[in-house]
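Please open the model in your viewer and keep the selection panel at hand. The tour goes from one selection to the next and says what is found at each stop.

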Amino acid sequence: MNNVFCTVVSRLRAYQAIALFLSLREVCPQTIIYALCVDDSVGALLERLALPNVRLLGIEELREPAVSRLRQSRTLAEYCWTLKPVMIEAAFQAAQAERVTYLDSDLFFWNDPLPLFARQAEEDVLLSKGDISVSSLAPWLVDYLQGLMGNYNSGLISFRNTSAGLACLRWWKDSCLRACFHHPQEGDFGDQTYLNEMPQRFSGVADIATPGVNLGHWNYAGHRYSFFDGKLYVDNSKLICYHFSGFRILPGGVILQIHERERTDLPFFYPIYSGILREVMALTERILPGFDGYADEEDLETL
């Protein structure tokens, strides 16, 4: 199957995006990922890095006239969320692929993801469950947060090049262009708000059946992690990719984890990932001295 990936990269997620690219190349060397560069500085950095598995696109290359205008009325986070379905559509056009899978730039791959697509090759849309499992929270609070954030996490979502898959993608894109805001108390949780509706609106929409895909701070506590024979495992399955959402990078190599400030039960591989990020920061400084990929005040407040 001609399967490609895509992502959206702002300067605030550049270090994590490079870690993503390197991890994907490590576990799946022949796979191509298309990266939409939101900032000129990110484009310059990734051009100099010249990773063989990365194809770059700029905002001006998108065939969506409304996109540039929306930057004035949305925060950077809201704007990047809006760009997700637009970028998936652009990747289909650029690659003529059978399947395009969007990845948030703060994902990291530990094992080959291709088996998950082979397992559900006939499904038109694959969604990542976003079930919340935090043992320190009261059940009523878990239910409340689940209602705010929805049943799915949009950090990994996959579309097949079929009439049903593309119809769902177009609906998601039109919905995000119309409204994509960070007002969870009002029922708006960015692009993720719309994922709940996909299984009811469209045929061929399925939950990802392969374990170990797109786990994150919202549910890591419900699993056991281990390292065996050179591979990372979650429960009894390979951990394919983990979503390091909420990592904020400050000057001097300081890494904040805004979702886990008070938690002491972090998986053992968190320090490994932090070390990789610091190596990426050092690489970036050699390639493009003075590049600023550090969190700003708005980014530190955005969940």
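Begin by selecting Phe21, Leu103, Tyr242, Phe244 and Phe269, which touch the most other members among the 54 residues of the largest nonpolar core. A nonpolar core here is a set of buried Ala, Val, Leu, Ile, Met, Phe, Trp, Tyr and Cys residues joined through side-chain atoms within 4.5 Å, where buried means under 20% relative accessible area, exposed over 50% and partly exposed in between, with a 1.4 Å probe and protein chains only. The largest share of this core, nine residues, is supplied by helix 1 (residues 14–27); helices (H or I, at least four residues) and strands (E, at least two) are DSSP runs numbered from the N terminus.

This is a predicted model, in which local features need pLDDT of at least 70 and side-chain atom pairs count only at pLDDT 80 or more, while totals for chains, interfaces and linings use all residues. Residues are numbered from 1 along each chain as its sequence is written, and side-chain values use heavy atoms, with hydrogens and water left out.

Next, centre on phenylalanine 21 and show its contacts (heavy atoms within 4.5 Å): leaving aside residues up to four places away in sequence, phenylalanine 21 touches Thr7, Val9, Ile33, Ala35, Leu46, Leu51, Asn53 and Val54. A second, separate core of 45 residues can then be coloured, with Val4, Ile32, Trp81 and Trp172 among its members.

Rings of Phe, Tyr and Trp (its six-membered ring) pair if their centres lie within 6.5 Å, and planes under 30 degrees apart count as stacked, over 60 as edge-to-face and the rest as tilted. Select phenylalanine 244 and tyrosine 270, whose ring centres are 5.3 Å apart and whose planes stand at 65 degrees, so the pair is edge-to-face. The pair links distant parts of the chain, 26 residues apart, with phenylalanine 244 in the loop between strand 15 (241–243) and strand 16 (247–250) and tyrosine 270 in helix 9 (residues 270–287). Both phenylalanine 244 and tyrosine 270 are buried, and they belong to one aromatic cluster that also includes Phe108, Trp110 and Tyr220.

For the last stop, look at two charges that sit over rings, meaning that NZ of Lys or CZ of Arg is within 6 Å of the ring centre and within 35 degrees of the ring normal. The charged end of arginine 74 lies over the ring of phenylalanine 181, 5.0 Å from its centre, and that of lysine 129 over the ring of tyrosine 152, 5.2 Å from its centre.
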